[in-house]
Amino acid sequence: MNSLTSSNLGYPRIGEKREWKKTLEAFWKGKITEASFEKVMKSYRLQYLNNQIERNLDYIPVGDFSLYDHVLDTAVMFGLVPDRFQYQGGKVPLSTYFAMARGTDNAHACEMTKWFDTNYHYIVPELKGLTPKLVENKPLQAFLEAKTELNVIGKPVILGPFTFLKLSKGFDQSEFADRLNQLASVYIQLLQELKEAGATFVQIDEPSLVTDISEEEMSLFTSVYHFITDQVPDLDIIVQTYFEAVTHYDAVVNLPVKGIGLDFVAGFETNFAAITKHGFPKDKILAAGIIDGRNIWKSNLEEKLTFIKELSTFVDVERLLIQPSSSLLHVPVSLTHETTLDRTLKNALAFSHEKLEEINMLKKAITVPSAEHLRAIQAHTQSFTELTNSNWRKKVERNPLATERAATFNERHKLQKKKWKLPLLPTTTIGSFPQTSEIRQARARWRRNELSNEAYDALIKAEIKKWIEIQEKIGLDVFVHGEFERNDMVEFFGEKLAGFAFSKNGWVQSYGSRCVKPPIIFGNVLFVEPMTVNETLYAQSLTEKPVKGMLTGPVTILNWSFVRDDIPKKEVAFQIAEALLKEVKLLESAGITMIQVDEPALREGLPLKKTQHNEYLTWAVEAFRMSTSQIDHSTQIHTHMCYCDFNDIIDSIRALDADVISIETSRSHAELISAFEHRQYDKGIGLGVYDIHSPRIPKEEEMVTIIQRALTVLPPSLFWVNPDCGLKTRTEQETVAALSNMVQSAKKARTMVAITNS
Ligand SMILES: Nc1nc2c(c(=O)[nH]1)N[C@@H](CNc1ccc(C(=O)N[C@@H](CCC(=O)N[C@@H](CCC(=O)N[C@@H](CCC(=O)O)C(=O)O)C(=O)O)C(=O)O)cc1)CN2
Ligand code: MET
Ligand SMILES: [Zn+2]
């Protein structure tokens, strides 16, 4: 066999040491000028290309780099800027670009939501009243830059028109076809310009093809691609899918384009069954995603080699591209800086660079099947199986746990009402208060043993005390301790539990400049020691107001970790749930009887295909209930979710049987209200009344309006007033100002409710 081609779909933006993040934040703070910002960002872009060139890839993506988010990039290059940003036409200024992402005093930010089933968030394009026009050809600029500076013919990566429109809002579904055609014309211009500049091969991402799209939508898709390719012949387009198997295999592989990209990791079974059954068109390229772009385990390259050989019975190797299953945006950059991981574990890991090296190894083993290359493949596989065979993964027995509370919600509600005597529309926050750079730096010093346990604890306590006082002053009804001791709501719990490991530098972009370092679940999860009791009790000792205990739920810990893949996810979730129940009981017996168990990632883990929803939701709800059922009737369980598309999972939210749920709504308020219009929610509920992702201070009247609108569909007796999410990313000044306004708005709303009720 010969001439197998290797490719990549997208490279992480944040940089090996999060330099991209740091540069962005420095620019926002006004510490560097726009010119030097652009210059530094360009140097990163080129460095990232070089990192891929070094790893011998045949097709290197260009245009995947972004200054914030690639969906926002797409909207902006088409001039799709909502009116409130007062865009004047032409190339969208950088200030407007960031205003859309982050909001300004005068204009609220665009909505942000989850990118498919990942923890990456994109900016939702708002198309109301707007027509697309190519105001800046970003992929072309990226292509020319790579060509001029590095002499590389890159593979431009473009978010496709269908997926772009699917992810957008601000239009009626009846306009979908017309809007798609409008967009197609702009894509044609974009592609033509690329072709004229010498691009030969273009990747158009259409991940929406793996969601449950109808036959009708699929034929619309096909006709749009006919339209585009008729206008831009001689340009080799790959329609790229990822995150699952395509829904209409036959139609997809017969699209009038040069190649089709399929995910043979997440969508392995279905995609492979389809290719086996229907074959693959003889004249097309198959871009096969065979290295997992979503998890951090090494690949079993012996199996991958066998798989490539199997694929080659359907597609000539000359027309086969091997690549990661998705963009590498979702995994950390490189293992180079991991100097403290256990050797067996480290040997079982592959981050982006190592994944690209795996692709290179496979390519060599296929094109030059020498003994040396095959030995390398064998050694690679062996170092991986050392972990899978290790004692860490011995089976443990779980205890059977109750999944039902002994009293109904109504019974509990009465008891809890009596216990706390909260005012109508009680005010609270979601858990975290500002994580200042001072705290983060102290934590970093403490970790390097430059700061003693005592000094670090004292600092955390001082911060808790300060914020208890602030909460008193603002007049909130239910307090939190502020989560200052936590680096991240998932990593923190991982560090306290058994079965987790931590990279030093395994960062992944979550939104904008914000990154997470997902812990690695390599073995069985077990409770080791109390995790939150000390800080919570300390906070409670300082106030008469109730302090909510604050835990991260089992499904969220699972979904925001890199999870072991030798047992079903459900088993891991149940192990975490059992450990969390121990913590819940410890808090309860210590007298903390309002306990929030956050599940912001419950919705994110929802499978992309409806047929798999039920199975997931059943075990996800069960895991949450395992950790929150074996408790007293009067213990009040809160939960919290953000960026929720609630319509499709509202029954499961109800089934969690939490006494109070707080959810994000402020960037998508109207949609959420309408969700509740049709489906009564009959447990405690707090709808976020302001957007915490934006530095903008919400006005009292705005929040009063939001509360009033919410009260048209939800009963005042069950309604809570809170921000959208935790406040760790905000400054003290922003937080105090916003919460003060929020408390005032709740007071005003209370009097209005009293008037209407009298
Ligand atoms: N896992 C997870 N996913 C989530 C969320 C979340 O909270 N966690 N929230 C939603 C939104 N996503 C978010 C993701 C990240 C952050 C966030 O604040 N990230 C921080 C990093 C948090 C962290 O782990 N910090 C560590 C390490 C911080 C660090 O870099 N320390 C420096 C010094 C820091 C400084 O000078 O400021 C050092 O070690 O040198 C710590 O506090 O210990 C950031 O990017 O800035 C917020 C929201 C959805 N998904
Ligand atoms: C992403 S949900 C965050 C919940 C957490 N309790 C916090 O306030 O930060
Ligand atoms: Zn949240």
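Strands β2 and β5 run parallel and are joined by 2 bridges, with P61 standing opposite K155 in β5. Strands here are DSSP runs of E of at least two residues, helices are runs of H or I of at least four, and both are numbered from the N terminus. Two strands count as paired if DSSP finds at least two bridges between them. The model is a predicted one, so to speak of local features a pLDDT of at least 70 is needed, side-chain atom pairs count only at pLDDT 80 or more, and totals for chains, interfaces and linings use all residues. Residues are numbered from 1 along each chain as its sequence is written, while chains are lettered from A and ligands numbered from 1 in the order in which they are written.

On its other pairing, β5 (residues 155–159) runs parallel to β6 (residues 201–205), and 3 bridges join the two. Here V157 stands opposite Q203, and L159 has D205 as its bridge partner. These strands belong to an open sheet of 8 strands, paired in parallel and ordered β1-β10-β9-β8-β7-β6-β5-β2. At the edges stand β1 (5–6) and β2 (61–62), each with a single partner strand, so one side of each has no neighbour in the sheet.

What about burial in β5? A residue is called buried if 20 or more other C-beta atoms (placed from the backbone) lie within 10 Å of its own, exposed if 12 or fewer do, and partly exposed in between. By that count 5 of the 5 residues of β5 are buried, so the strand is largely enclosed by the rest of the structure. K155, V157 and L159 point one way and P156 and I158 the other, all of them buried. In a regular strand, side chains alternate between the two faces of the sheet.

Turning to the ligand, 22 residues surround ligand 1, the closest being S437, R440, A444, N487 and S510; a residue is taken as near if its C-beta atom, placed from the backbone, lies within 6 Å. Helix α16 (437–447) and strands β12 (508–511) and β13 (514–516) each supply at least two residues of this shell, and α16 gives the largest share, 5 residues. The shell divides into 8 nonpolar, 7 polar and 7 charged residues. Nonpolar here means Ala, Val, Leu, Ile, Met, Phe, Trp, Tyr, Cys and Pro, charged means Asp, Glu, Lys and Arg, and the others, Gly among them, are polar.

The unreviewed UniProt entry marks R18, E19, W20, K21, K114, N119, R514, C515, W560 and E604 as "binding site". They span 587 residues in sequence, with the farthest two C-alpha atoms 27.6 Å apart, so they do not all gather at one spot. UniProt annotations may be inferred rather than shown by experiment; positions follow the numbering used here, and feature names are shortened. W20 sits in helix α1 (residues 19–28) and is buried, with 24 other C-beta atoms within 10 Å. R514, by contrast, is in strand β13 and is partly exposed, with 15 such atoms within 10 Å.

Most residues other than glycine have a negative phi. N449 lies in the loop between α16 and α17 (453–474) and is exposed, with 8 other C-beta atoms within 10 Å. D657 lies in the loop between α23 (650–655) and β18 (660–663) and is buried, with 20.
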